[in-house]
Amino acid sequence: MPRLPLLLLLLLWGVGSHSFPAATSETQEQDVETVQKYLENYYNLKSDAKQVERQRNNDPVVEKLKQMQKFFGLKVTGKPDAETLNVMKQPRCGVPDMAQFVLTQGSPRWEDTHLTYRIENYTPDLSRAAVDHAIEKAFQLWSSVSPLSFTKVSEGQADIMISFVRGDHRDNSPFDGSGGNLAHAFQPGPHIGGDIHFDEDERWTNNFRDYNLYRVAAHELGHSLGIAHSTDIGALMYPNYIFSGDVQLSQDDISGIQAIYGPSQNPTQPIGPQTPQVCDSKLTFDAITTIRGELMFFKDRFYMRTNPFYPEAELNFISVFWPRLPNGLQAAYEVADRDEVRFFKGNKYWAVKGQDVLYGYPKYIYRSFGFPRTVKNIDAAVSDEDTGKTYFFVANKCWRYDEYKQSMDAGYPKMIAEDFPGIGSKVDAVFQKDGFFYFFHGTRQYKFDTKTKRILTLQKANSWFNCRKN
């Protein structure tokens, strides 16, 4: 299974520090080897470079470490710190990284836009039909946003040859066993050019377990067509393996393929999702909640949180924490005394504890909370730790639910303006911290004193992040 991110381990175990436990000499030696091999494989560090433990400020290792840290948005120290090691140990594509989204070096491309592909052999992990389907979908993903078309052939030499191999398979890029390097592909060109190799030592699936073949094939095919790695974590061409439950091309990916081959032949040009930029002054949120003392902000497929080890707020896929939750969450709140967080989308909700979605979820909001069928979705929710009252915001009204009695309070719903004057008639997200409610609507954030029913401050929605300009 993919390694859990360090942040996730901290959240689950309630640890308050990112430092590793005291490392044994064996652990330190393994980490040195990890850094050395990673930089050799993905950042062109010469294998005769000085070992990591002997590094000096002007050593090649330090410069390559800085390059890697900059690529992944880590704090650029030139040292193999905990967060850097964590990223290095995550499963990923075997193609080396580039500094930013650029075309593959030399800008190679296929001259013919009608390409053929052939699956030379099949993994025993999936049926032949499942492999065929995954590969076909990967090609369709790219053909839908470009003038390219792909035809499967069953014999002879194709433009793109696809195979499952293990270890040293005589292409000068040996695989490393289970985990680590999952697959690699070669840029457009004759002979081995465009070919895709999957590591047969991995376990290939058609779901969220281990490594989803469709997800990895779609990424590798981007390389076969001439696209390099992207620094955008929301892009399919981001080097590390992340499966968010759906496979789609971001706008970054679409811009990349169209820069090489031109626009799609569709009358309406496709548009892909864009990754939220935490320091964008126009950033808005779908939902916000506290989780064991931490603040987590949700937008589309992503969560955001402040982190002292990142230059900006940490951003990653919701599926990294909760692979069984849907994307596009609409509301969330924490019931602290039950160590439970509830997430809402449409007329359903999920309850989670740590990383686990509790048994029997999702459930409908009607039977659990007593909402009438006219309520189709919840815009925002927050639970007052002092009173045990949870407020639900639906359009211009709010409902109040008693967590102890497990029933709606009489007299509700009320107009939002009645209980929370001054914040407007619509709430996108809300959370409680230090006894105050923080309401979000669009790019605005209101700090509200529930005792005096007054707004205390008005700020930008992303003011919680370490942004110099808002």
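Predicted model: local features only at pLDDT ≥ 70, side-chain atom pairs only at ≥ 80, totals over all residues.

Analyst: The "binding site" annotation comes from an unreviewed UniProt entry and covers Asp286 and Asp428. They're spread over 143 residues of sequence, yet they cluster in space, with a largest C-alpha distance of 6.2 Å.

Let's start with Asp286, which sits in the loop between α7 (251-261) and β8. Its relative accessibility is 21%, so Asp286 counts as partly exposed. Leaving out residues up to four places away in sequence, Asp286 touches Phe298, Lys299, Asp300, Gly328, Leu329, Gln330, Ala331, Asp379, Asp428 and Ala429.

Now for Asp428, found in the loop between α10 (416-419) and β22 (429-433). This one is buried because its relative accessible area is 18%, and the cut-off for buried is under 20%. Setting aside neighbours within four places in sequence, Asp428 has contacts that include Phe285, Asp286, Gln330 and Asp379. Ala380, Phe440, His441 and Gly442 are also among the contacts of Asp428.

An open sheet of 4 strands runs in the order β8-β9-β10-β11, paired antiparallel. β8 (287-291) and β11 (314-317) are the edge strands, each with a single partner, so one side of each has no neighbour in the sheet. From one strand to the next, the twist averages 25°. β8 is joined to antiparallel β9 (residues 294-299) by 5 bridges, and Ile288 has Phe297 in β9 as its bridge partner.

Key. Residues numbered from 1 in each chain as written. Heavy atoms only, no water. Pairing = 2+ DSSP bridges. Helix = DSSP H or I, 4+ residues; strand = E, 2+ residues; numbered from the N terminus. Axes fitted to C-alpha atoms, helices over the stretch in contact; angles between N-to-C directions. UniProt positions renumbered as here; feature names shortened; annotations may be inferred. Buried < 20%, exposed > 50% of the residue type's maximum accessible area, 1.4 Å probe, protein only. Contact = heavy atoms within 4.5 Å.
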